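Here's a short tour of a few strands and charged pairs. Have a look at the structure first, then read on.

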Amino acid sequence: MKYLLLISTVTSMFFSNANAQEILGFAQESRGNHQSLSFAGWACEKSNPNPLKLALYAGHTFEESTFVASINANERSFTTIRGLCDTNSNHGFFISVDQDTIQRHAGKRAFLVHEKDGIRTRLRNAKPSFPDFPATRLRGVLDGIVEVNNAYFAMGWACQTDVKEPVSVDLAVRGENNELIIIVDNANTETISGNAVAERCNTPKGKHRFRTRIPDDIIETHGGKQVFARVKSRYGARTQRLVNSGKFSLPTSLPNAQQRSKPNIIVFFTDDQGYADLSIQQSLDDIKTPNIDKLANNGVRFTNGYVTAPQCSPSRAAMLTGLYQARFRLDENRHIPMSLDVKTLADRLKSNNYKTGMAGKWHLEILGNSTEWGKQFYPDLVPFRASEVPVDVRRSYMPHRRGFDDIFAGYTNSYLRTFNEQGRTIPVEAYRSREFRVDLASDASLTLIDKHWQTPFFLYLSHYAPHVPLEATQKYLDQFPGDMPERRRYALAMMAALDDGVGRVLDKLENYNLLENTLIFFISDNGAPIGTTPEDKPITKGGTWNGSLNSPFTGEKGMLTEGALRVPYIMHWPKQIAAGQVIDTPVSSLDAAYTVLKAGGVEDLANLDGMDLLPLVKGEDVVEDFMQRPLFWRFYFQRAVRQGNWKYMQAGIEREYLFDMTLVEPESVNYINEYPEIAEELRLRYWQWADQMPRPEPLVEIPIPFARRVDHHLPISQ
């Protein structure tokens, strides 16, 4: 903080009252404009190291309506200031003022006040003030009324020139007495506009386009009447009618009741989110996920929903192909990249006239741990470094070359994208941003819906959360006060942001009348990593635990226990399935992939490993088919199979288990000796499946450190 306006003599910096010999300070001129404004300066009580509390007012009076904010003068300050104050403490202050406050007090002087013993004393200053309203104009056009997705929409653009923020638009018709009747109130402009509009508004990145739905009851009441639109100023109470590109009238009848047959498809795939961490699971009382809960309450929640691996890359590979990842040798993260020979859901849906997009984590590309791939394709590259593989080769494994039309793929700060903030297609480019990664992926997904809302689309939204490194904005951290492990607080904050993103997607679908005919899955890629026990290491120091929890199940990411494989699993499709269902039948992420492709009209599904979930959620007589279907897992010298209510598991050689999955804590008792015939049948089934996989499976003992972890979480094998 720079204090450029300090006055050299001590007396010139005193307050002008009885406390002038004790209180010192100065307020700088305000900095900023009508969009962003800040006040700074310093204040202290001589020889008192404690910070002063100041109040910021607007105008000339001390009233509740003119009060702006309280400020603590406890920020960094220069040696000169500390010398004047005769302390070694910090006495600077800084405050940013939000836009609503700027608007409310536009044109007024600002002053800072200290109160002591009932006496208000005003800080000397360089006459800071709130800026005047910008000299702007209201502009816009009503482009038309169109029928899309079995609904009518008014479309156009509107802005306040030189003001980047969205404005609101009203739609109206004339009544019998020629009065204006508002039919749509405060429809916000929310889509970034093209160059021509941005030029006329003089705001290159402003959101100026609106596409607002006209309610059916308005059509029934006012059908055939001419529509007028008016834009409302953000600054002041002015309104202005929009220019019509033609005289548009409301339709005289409701849209055709026949909706398009193909649904939109969205797959939310979170990262290391444990089973407990949806509030609707009712496992923990500190988690808050109202939007995801709404998704479950209006759809189906599977309490025995599984992924195919306890690690990111293999789990994602199965979700995106509908095949056990072992079929194409991607058993562990170190086996990436995913083979170019295998088709993704996006490949198949794109061939069936879907627009395809993804945002978030990919993790199926060439990375530093792709040493096995490197030995095969770049044997002379020793040691293997992904950065030395030609860029075009690396990008051939990225999602824009794996069936996705539009991508915003990355982890933290660094992304690969094929569209910009306006939704405009651009040549693939590396893009850097320091914005919060959860919000950034959610924003990108909304842009994709804006881009493709008029055609069937497939969106894969793969939030990199709550995976480490943990990060969150203060907005979300503040939602979880109180005494708790700091890693838990950050995980809760990340999941709150994730939940907000889900809510924003649902709102966007609702706005476009798409929600009823959108098939949505919400699944985590595997359970949470917790180590032997959750350890609350500082979030900047690495550490195993990501703050998420797997309750009530045991084990963690990397194991073949329920805590690693059984995950949050929700299906939502109002047009097709009844709301409020809770289903205990075992299902797999492979089934989600199969269901997506079948719902999207893809016909060649014979080679897939999943089953269609639609008959199950519609109550058809297929429960026994799912119960008799075995589910297989193998990972890091471990193997497991579940069929019906029994699960067989082997870790290494000596550790064998048989679990009754009907128990509340199913892996608390090992029945391997009580029911050896069941264990033998499941063991045989597993090896029959494993023998079909191209990568040989070594039968060796697990390393001692991992064995200790297994023994900590599971009953000792007898």
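## A pair reaching across the chain

Glu-701 makes a salt bridge with Arg-655, with the closest N and O atoms 3.8 Å apart. (A salt bridge here is a side-chain nitrogen of Lys or Arg within 4 Å of a carboxyl oxygen of Asp or Glu.) This pair ties together distant parts of the chain: Glu-701 sits in the loop between α17 (676–690) and α18 (704–713), Arg-655 in strand β33, and they are 46 residues apart. Glu-701 is partly exposed at 32% relative accessible area, while Arg-655 counts as buried at 16%. Buried means under 20% relative accessible area, exposed over 50%, and partly exposed in between (1.4 Å probe, protein chains only).

This is a predicted model, where local features need pLDDT of at least 70 and side-chain atom pairs count only at pLDDT 80 or more, though totals for chains, interfaces and linings use all residues. Residues are numbered from 1 along each chain as its sequence is written, and side-chain values use heavy atoms, leaving out hydrogens and water.

## Strand β32 and its neighbours

Strand β32 (residues 646–651) has five of its six residues buried. Helices (H or I, at least four residues) and strands (E, at least two) are DSSP runs, numbered from the N terminus. β32 pairs antiparallel with β33 (residues 655–660) over six bridges; pairing takes at least two DSSP bridges. Lys-647 stands opposite Phe-659 in β33.

Lys-647 also forms a salt bridge with Glu-562, the closest N and O atoms being 2.9 Å apart. Both ends are tucked away: Glu-562 is buried at 1%, and Lys-647 is buried at 0%.
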